[in-house]
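These are my notebook entries on a structure that I am examining for the first time. I record what I looked up, entry by entry.

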Amino acid sequence: MNAPLYRIPGGASAPEPQQAQPANEAVAPAQDAPRTVGDVLRQTDVERVLDDLDRELVGLAPVKARLRDIAALLVIDRLRMNLGLAAQNPSLHMSFTGNPGTGKTTVALRMAEILHRLGYVRKGHLVAVTRDDLVGQYIGHTAPKTKEVLKKAMGGVLFIDEAYYLYRPENERDYGQEAIEILLQVMENQRDDLVVILAGYKDRMDTFFRSNPGMSSRIAHHLDFPDYAPDELLTIAGKMLDAQNYRFADGAADAFAGYLARRVQQPHFANARSVRNAIDRARLRQASRLFVDRDRELTREDLTTIAAEDILSSRVFQTN
Ligand SMILES: Nc1ncnc2c1ncn2[C@@H]1O[C@H](COP(=O)(O)OP(=O)(O)OP(=O)(O)O)[C@@H](O)[C@H]1O
Ligand SMILES: [Mg+2]
């Protein structure tokens, strides 16, 4: 049987005029096209996106460095194109490995924005899916499901969380294989308008790539997201509070450090996501604390302060 050839129609109804042309079309050098890295960064506003990323995301130094490398490649490609130098669009499919809550989805969103600003993809949106969005329950259901998702993602980034669940070697007739095959074709043939990011735990992803060399060979960039160090988690907490107009009272930051030291030992610890959840619960406790006093006028100070007791009454401190 001949393998069907999959080509997914573009998601956009009409091409957007502002976008860069595909790099593989040799174009005549434009007169007023940018000639310096600075020109391209200013015109596309990519410098700002990279600076925001540096400032807003705590830690992740290796990830940030890789993002800059990728941006550099695309900027230089842009300048080459402006001088009429033909080049193939580089393959930019990636894997993001790391534990839960290490910032994979957050970075993928920023990556999509950078790719869009540099004209690599038309729309720059992110479609996040898992196995269930791609693979059907019955024969004949998988191809339409996968193609529908690819169609939605065209012009942007397809983010497949826990991608290794697509491959189930223990089940010979698993439909996941069908989804993988369609993905492989589209990743090869339509890579100038779709970037696929496979995300998940590092060890499982390594196993997945070993069993799926076709997939492995199409991934150009492997980014590893390390767990956050305790001081990074505390800094993340501070940023999250700040963004919501809260602050720690004297002693509350220490209490939160104590909270984190215990929480990381417990099951289901999920890095920055656990920090976010802990802060949400601290806000609840602050609200309950303020709620009981019906007649007190609440100042700005009262309303914005998370007290040590709002942290210390967490269940995490009650066990052992
Ligand atoms: N380096 C960071 N600095 C500040 N906030 C962060 C950082 N990393 C993650 N966060 C925040 O933590 C939360 C979880 O991050 P995100 O969803 O990106 O993680 P993830 O790796 O995709 O997790 P999961 O595997 O659970 O999907 C988000 O609210 C995000 O804003
Ligand atoms: Mg995520």
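Entry 1, glutamate 162. The scale I used calls a residue buried if 20 or more other C-beta atoms lie within 10 Å of its own, exposed if 12 or fewer, and partly exposed in between, with C-beta atoms placed from the backbone. I then found glutamate 162 in the loop between β3 (157-161) and α7. Its phi is positive, about 50°, although the residue is not a glycine. Helices (H or I, at least four residues) and strands (E, at least two) are DSSP runs, numbered from the N terminus.

I note here that this is a predicted model, in which local features need pLDDT of at least 70 and side-chain atom pairs count only at pLDDT 80 or more, while totals for chains, interfaces and linings use all residues. Residues are numbered from 1 along each chain as its sequence is written, and chains are lettered from A and ligands numbered from 1 in the order in which they are written.

Histidine 268 lies in the loop between α11 (252-263) and α12. It is exposed, because 8 other C-beta atoms lie within 10 Å.

I counted 14 helices and seven strands in the chain. Its C-alpha atoms fill a box of roughly 70 × 55 × 35 Å, taken along the principal axes. Of the 320 residues, 33% are buried. I also looked up the contacts, where two residues are in contact if their C-beta atoms, placed from the backbone, lie within 7 Å. Among contacts with a separation of 6 or more, residues 24 or more positions apart account for 80%.

Which residues touch the most other members of the largest nonpolar core? I found Leu115, Val157, Leu158, Val196 and Ile197, in a core of 57 residues. A nonpolar core is a set of buried Ala, Val, Leu, Ile, Met, Phe, Trp, Tyr and Cys residues joined through C-beta atoms within 7 Å. A second, separate core has 19 residues, including Phe248, Phe256, Ala278 and Ile311.

I found 17 residues around ligand 1, and the closest are Gly103, Lys104, Thr105, Thr106 and Ala272. A residue is near a molecule if its C-beta atom, placed from the backbone, lies within 6 Å of it. The elements that give two or more residues to this shell are α4 (104-117), α10 (230-243) and α12 (271-291). By class, I recorded seven nonpolar, six polar and four charged residues in the shell. Ala, Val, Leu, Ile, Met, Phe, Trp, Tyr, Cys and Pro count as nonpolar, Asp, Glu, Lys and Arg as charged, and the others, Gly among them, as polar.

How do the axes of helix α6 (residues 142-153) and helix α7 (residues 176-189) lie, and at what angle do they cross? I found that they come within 9 Å and cross at roughly 40°. Axes are lines fitted to C-alpha atoms, for helices over the stretch in contact, and angles run from 0 to 180 degrees between N-to-C directions. Thr142, Ala143, Thr146, Lys147 and Leu150 in α6 meet Glu178, Ala179, Ile182, Leu183 and Val186 in α7. This contact has six nonpolar, two polar and two charged residues.

I located glycine 176 in helix α7. It counts as partly exposed because it has 18 C-beta neighbours inside 10 Å. Its C-alpha atom is separated by 7.7 Å from that of arginine 131, 45 residues apart along the chain.

I located arginine 78 in helix α3 (residues 61-82). Arginine 78 is buried, because 21 other C-beta atoms lie within 10 Å.
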